[in-house]
Amino acid sequence: MRYALEDMLVTPAEMAAIDKDAADSGIDSFSLMRSAGMAVSAAALRLFPAASRFVVLCGPGNNGGDGYVAAEALAGSGAQVAVYALGDPNKLRGDAAKARSACRLGVIDLEAYQPQSGDIVVDALFGAGLARDLPDAVQKIIERVNASRVPVVAVDLPSGIDGRTGEVRGASFAAAHTVTFMAAKPGHVLMPGRELSGTLEVFDIGIPARLVAARASDLRINGPAVWRQYSGGLRPGTHKYKRGHLAVLSGGLTSTGAARLSAAAGLVAGAGLVTLGSPLEAAAVNASHLTAVMLKEIGTAADLAEWLRDKRLNTFVLGPGFGVGKKARDFALMLCDRALVLDADGMSSFQQGREELFQKIAESGGQVVMTPHEGEFARLFPEVGADTSLSKIERAQVAARLSHAVIVYKGPDTVVAAPSGRAVVNVDAPAWLATAGSGDVLAGIIGAHLAQGMPAFEAAAAAVWRHGEAGIRAGRTATAETLVENISPLP
Ligand SMILES: NC(=O)C1=CN([C@@H]2O[C@H](COP(=O)(O)OP(=O)(O)OC[C@H]3O[C@@H](n4cnc5c(N)ncnc54)[C@H](O)[C@@H]3O)[C@@H](O)[C@H]2O)[C@@H](O)CC1
Ligand SMILES: [K+]
């Protein structure tokens, strides 16, 4: 499958290798820096045409080099420009030194900068080369600029954001706009980096796309390009059995709503048939709320075993409102050879004894998707959740490898990862999607995709995207019910 550069996520280490490959292939690295700096100056002028002064803050590496190019270009356009530098600009090396000497502006020590109303800061202190927490003096300047509310245009990354993880290394600018080069980095899409990057512009500085693609791993921004090849077959109007049969398992008398939300979402998202498997005690309350969703009494493991003799019953959602305990564990282990969304209580039931589940998933060759939020992730994968050296993407990848399941690690920056290491990050879910029952709706959409034959990774990625779209359509006052109503057809 071919991807456009705009879908790709490239880690800083991969980007450094791409830069080196570009230089080795004969491309002049200074011309790349010039393109980068020119793009930054164009963005600053386009976004802030009424600035009284552009203040370019230049660091000790190539990010600073981009800053000197931008400063010279801004001055050349007739704008007022001041340059402040961290460290001695005479110690710059390579392309950055070249950029410094081609810039005719004087340089002031960074610590002297006092933000003034009308300033626009161009942040060229650190980019992909940030390797540790920022020095205190730099943190102070960043805090001063943030407090002044002077708008910031960041070069490559807001200084202080770790490009691999999106974490803040001591302090970070909160940029209005970030111009990065060739491809977005994980730090632009993972929180809090995503929020602190402002609007993101990915500018092509002229490194051939094949050099970028050759180094990039299978890490993408979630969107239709990732799963469109599987969504074409999900046409309304196909016979209902061909659109798959989704079964959702209900909790007891006082906790039935969550499973009904999953079932309703599954139906709207395109499953041909949806059946709610309910214990007898909850059957009446479920029946009084259901119309298009069918109902079947499933109270015990024996009931489930009998039901599983119907092989058309290919997909299950287990967990929403189900209750934590032995029954959930028994049911989950019985369902590992089908397509299964293991959500909420379904996962939490394996806080102890996860090895049996993971082994069963590996052996039975089903398609299992697990959907932990932060708390559930920490319960099921405590050692992974506690490893602060890993990015959220890396944590999801490790969990997928350990469990043999596709992991949907939920949050404002949901990551979907497969055991192979393939991963996507979702970027456009609105904040108000974090509403009660929202996860139940997501589980139902994933179930609908699985029931229609999408492979687990694509089913999950497409569902996360569609869930976000439903949130956007439902608006700020979204509830789980209005999310269901706003699930739109897959593109
Ligand atoms: N190589 C390329 O192809 C291109 C790279 N470009 C720019 O180059 C940047 C990467 O350049 P570099 O690799 O030089 O990295 P940076 O300029 O981001 O920073 C590296 C410098 O900062 C120091 N440093 C790292 N963390 C520090 C900390 N916490 N406190 C104090 N000093 C610290 C390093 O020792 C090094 O001197 C990109 O972000 C991008 O802006 C652009 O010029 C476009 C072309
Ligand atoms: K920067």
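The following questions and answers examine how terms are applied to this predicted model.

In this predicted model, local features need pLDDT of at least 70 and side-chain atom pairs count only at pLDDT 80 or more, while totals for chains, interfaces and linings use all residues. Residues are numbered from 1 along each chain as its sequence is written, and chains are lettered from A and ligands numbered from 1 in the order in which they are written.

Q: Why is D123 called buried?
A: A residue is buried if 20 or more other C-beta atoms, placed from the backbone, lie within 10 Å of its own, exposed if 12 or fewer, and partly exposed in between. D123 has 29 other C-beta atoms within 10 Å and is therefore buried.

Q: Where is D123 placed, and with which residues is D123 in contact?
A: D123 belongs to strand 4 (residues 119-124); helices (H or I, at least four residues) and strands (E, at least two) are DSSP runs, numbered from the N terminus. Two residues are in contact if their C-beta atoms, placed from the backbone, lie within 7 Å. Leaving aside neighbours within four places in sequence, D123 is in contact with L57, V152, V153, A154, V155, P158, S159, F173 and A175.

Q: What makes S159 count as buried, and where does S159 lie?
A: S159 has 29 C-beta neighbours inside 10 Å, and therefore counts as buried. Its place is in the loop between strand 5 (152-155) and strand 6 (177-181). Not counting residues up to four places away in sequence, S159 touches D123, L125, F126, I142, S172 and F173.

Q: Which residues does the UniProt annotation "binding site" cover, and how do you know that they cluster in space?
A: The annotation, from an unreviewed UniProt entry, covers N63, D123 and S159. UniProt positions are given in the numbering used here, feature names are shortened, and annotations may be inferred rather than shown by experiment. These residues are spread over 97 residues of sequence, yet the largest C-alpha distance is 9.5 Å.

Q: What does UniProt place at residues 15-213?
A: The unreviewed entry places the feature "domain: YjeF N-terminal" there. The span is 39% helix and 17% strand, and its end C-alpha atoms lie 11 Å apart.

Q: Why is G26 called exposed?
A: G26 has 6 C-beta neighbours inside 10 Å, and therefore counts as exposed. G26 is found in the loop between helix 1 (12-24) and helix 2 (29-47).

Q: What makes helix 10 largely enclosed, and against which elements do its buried residues pack?
A: Of its 12 residues, 11 are buried, so helix 10 is largely enclosed by the rest of the structure. Its buried residues pack against strand 9 (245-249), strand 10 (273-278), helix 11 (280-287), strand 12 (315-318), helix 19 (438-451) and helix 21 (480-485). G270, which follows helix 10, has a positive phi near 120°.

Q: What kind of peptide bond joins M191 and P192?
A: The bond is cis, with omega about 0°. P192 lies in the loop between helix 6 (186-189) and helix 7 (193-196).
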